[in-house]
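Visitor: I would like to learn how to read a few features of this structure with you. Could you take me through them one by one?

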Amino acid sequence: MSTVDGKTVRVALLGCGTVGAEVARLLTEQADELAARAGAPVELAGIAVRRPDKHPELPQHLLTNDAAALVESDVDVVVELIGGVDPVREWLLTALRKGKSVVTANKALLAEYSAELFEAADSSGADLYFEAAVAGAIPLLRPLRESLAGDRITKVMGIVNGTTNFILSAMDSTGAGYAETLDEASRLGYAEADPTADVDGYDAASKAAILASLAFHTRVTGSDVHREGISNVSASDIAAAKALGRTVKLLSICERVEGEDGAESVSARVHPVMLPRTHPLANVGGAFNAVFVEADAAGSLMFYGQGAGGAPTASAVLGDLVAVARNRVLGGRGPRESAHAQLPVRPMGQTPTRYHVSLDVADKPGVLAQVAQVFAAHEVSIAAVRQRDRHDTASLVIVTHLAPDAALEATVEAIGKMDVVNEVVSVMRVEGEDS
């Protein structure tokens with residue numbers, strides 16, 4: 001990577017939606033401050049949009065609908081805020097191979113192709129920065145890449161999707177069901193017209209892949225991440241959590257797991273959990289994001305803030321832009337990919353988890369003992385049991401100790417076939433301290 005000619009860092013902006021418009025505005029309004037921080041003027045050289053005529057508020061001489069040509073032009077940094085994989089992937093690879101630094105917020109692309117992008121960056125000495133890809137304005141990825149580089153991270157667990165957190169928080173506070181709360185989130189603008197990527201966990205899974213890759217120095221892709229969404233979370237699940245002093249959150253959970261032979265692997269998963277209300281993540285409400293990090297030396301750390309929105313995300317983008325501009329001015333380089341550990345990714349079935357199981361059972365003697373025998377047969381230990389009798393039936397709530405997820409799933413399936421079990425009312429994983 002060569003330094004700029006000592007005068008100006010020229011920036012190509014790909015995409016000018018909610019975040020891109022804020023980046024363009026701040027580049028103009030804060031030009032003097034950004035120049036002081038970067039060590040040289042940072043100039044917006046062009047903006048690629050699909051339909052230039054739809055952006056009368058932008059300087060018309062900067063607009064183009066030819067993103068590929070803009071990338072190939074005389075620019076130093078490409079800021080990508082379009083999203084999606086193709087054709088963005090080729091544009092960014094072209095930029096990196098030509099020595100142009102890249103700043104992107106594209107979690108879907110990074111989750112699947114970060115290795116290819118880093119290899120392209122390494123071949124030319126360019127920088128690849130992506131702070132805005134996971135948690136909006138929250139400074140999270142740089143601490144993982146740099147501040148904690150000398151520590152051993154054991155777990156990263158967080159709320160990284162504002163839409164699902166808004167929905168679950170509203171269900172918790174109002175007692176409403178999933179469908180009506182999703183409708184309200186859409187009405188208020190917290191959910192997209194097609195909320196699939198959010199509510200089915202795809203967005204959070206992409207972010208989990210990025211977090212796991214950084215935290216554990218291992219290449220983890222989105223397809224490696226076990227994914228479950230929130231569409232099956234019911235009002236009764238929320239009520240059951242409340243009865244246990246818990247709340248329900250959709251969490252991205254990435255952790256080191258040690259096998260019986262002492263060998264380490266990486267678990268990366270996204271699913272709803274029952275979380276103790278005493279846990280720091282339990283009080284993160286609305287559309288906010290938060291990530292809880294556990295490390296050997298640093299202990300427990302919490303990162304909290306606005307995980308989406310134009311201005312917050314633009315803040316993270318500009319932070320990266322200043323960093324790569326400074327590197328180009330001074331001739332330095334940012335952090336490279338760190339995948340030296342090459343830990344295997346542990347399948348979900350082999351990952352230790354804990355279950356909360358709510359059953360509707362026959363109200364007669366010996367039922368609990370029969371149910372407990374099924375747990376024992378699958379080598380799943382019971383941590384707590386709560387029973388409440390009703391007319392002719394009883395409600396039985398069981399919380400397990402840690403066990404392989406496949407064993408827990410098989411246990412629930414076997415219990416559902418028992419004559420004394422009328423219904424498996426709900427099943428949800430549990431995180432946090434023992435009940």
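Guide: Gladly, and please keep in mind that this is a predicted model.

Visitor: Which residue forms an aromatic pair with Tyr304?

Guide: Its partner is Phe288, and the two rings are stacked, with 5.3 Å centre to centre and 5 degrees between the planes. Phe288 belongs to strand β11 (residues 288–295) and Tyr304 to strand β12 (residues 299–306), so the pair links parts of the chain that are 16 residues apart. Phe288 is also partly exposed, at 31% relative accessibility.

Visitor: How many aromatic pairs does the structure hold?

Guide: There are three. One of them joins Phe118 and Phe130, whose ring centres are 6.0 Å apart; the planes meet at 75 degrees, so this pair is edge-to-face. The cut-off behind that reading is an angle over 60 degrees.

Visitor: Where do Phe118 and Phe130 lie?

Guide: Phe118 is in helix α5 (residues 107–124), while Phe130 is in the loop between β6 (128–129) and α6 (132–135), so the contact ties together parts twelve residues apart in sequence. Phe118 is buried at 5% relative accessibility, and Phe130 is buried with a relative accessible area of 5%.

Visitor: Which charged ends sit over rings?

Guide: Look at Arg89, whose charged end sits over the ring of Tyr113, 4.1 Å from the ring centre. Another case is Arg227 over the ring of Tyr202, at 3.8 Å from the centre.

Visitor: How should I read the two sides of a strand?

Guide: The general idea is that side chains in a regular strand alternate between the two faces of the sheet. Here, take strand β15 (residues 393–400): Thr393, Ser395, Val397 and Val399 point one way, and Ala394, Leu396, Ile398 and Thr400 point the other way.

Visitor: Is β15 buried or exposed?

Guide: Eight of its eight residues are buried, so β15 is largely enclosed by the rest of the structure.

Visitor: Which strands pair with β15?

Guide: Strand β13 (residues 352–362) runs antiparallel to β15 and is joined to it by seven bridges. Within that pairing, Val357 has Ile398 as its bridge partner. Strand β14 (residues 382–389) also pairs with β15 in the antiparallel sense, over seven bridges, and there Gln387 is partnered by Leu396.

Visitor: What should I look for in the backbone?

Guide: As a rule, most residues other than glycine have a negative phi, and most peptide bonds are trans. In this model, the bond from Asp86 to Pro87 is cis, with omega near 5 degrees. Pro87 lies in the loop between β4 (77–80) and α4 (88–97).

Visitor: Which residues other than glycine have a positive phi?

Guide: Among them is His217, with phi near 50 degrees, in the loop between α11 (202–216) and β8 (226–227). Glu379 is another, with a phi of about 60 degrees, and it is found in the loop between α14 (367–377) and β14.

Visitor: Are His217 and Glu379 buried or exposed?

Guide: His217 has a relative accessible area of 16% and is therefore buried, whereas Glu379, with 73%, is exposed.

Key
Residues are numbered from 1 along each chain as its sequence is written. This is a predicted model: local features need pLDDT of at least 70, side-chain atom pairs count only at pLDDT 80 or more; totals for chains, interfaces and linings use all residues. Side-chain values use heavy atoms; hydrogens and water are left out. Rings of Phe, Tyr and Trp (its six-membered ring) pair if their centres lie within 6.5 Å; planes under 30 degrees apart count as stacked, over 60 as edge-to-face and the rest as tilted. Helices (H or I, at least four residues) and strands (E, at least two) are DSSP runs, numbered from the N terminus. Buried means under 20% relative accessible area, exposed over 50%, partly exposed in between (1.4 Å probe, protein chains only). A charge sits over a ring if NZ of Lys or CZ of Arg is within 6 Å of the ring centre and within 35 degrees of the ring normal. Two strands pair if DSSP finds at least two bridges between them.
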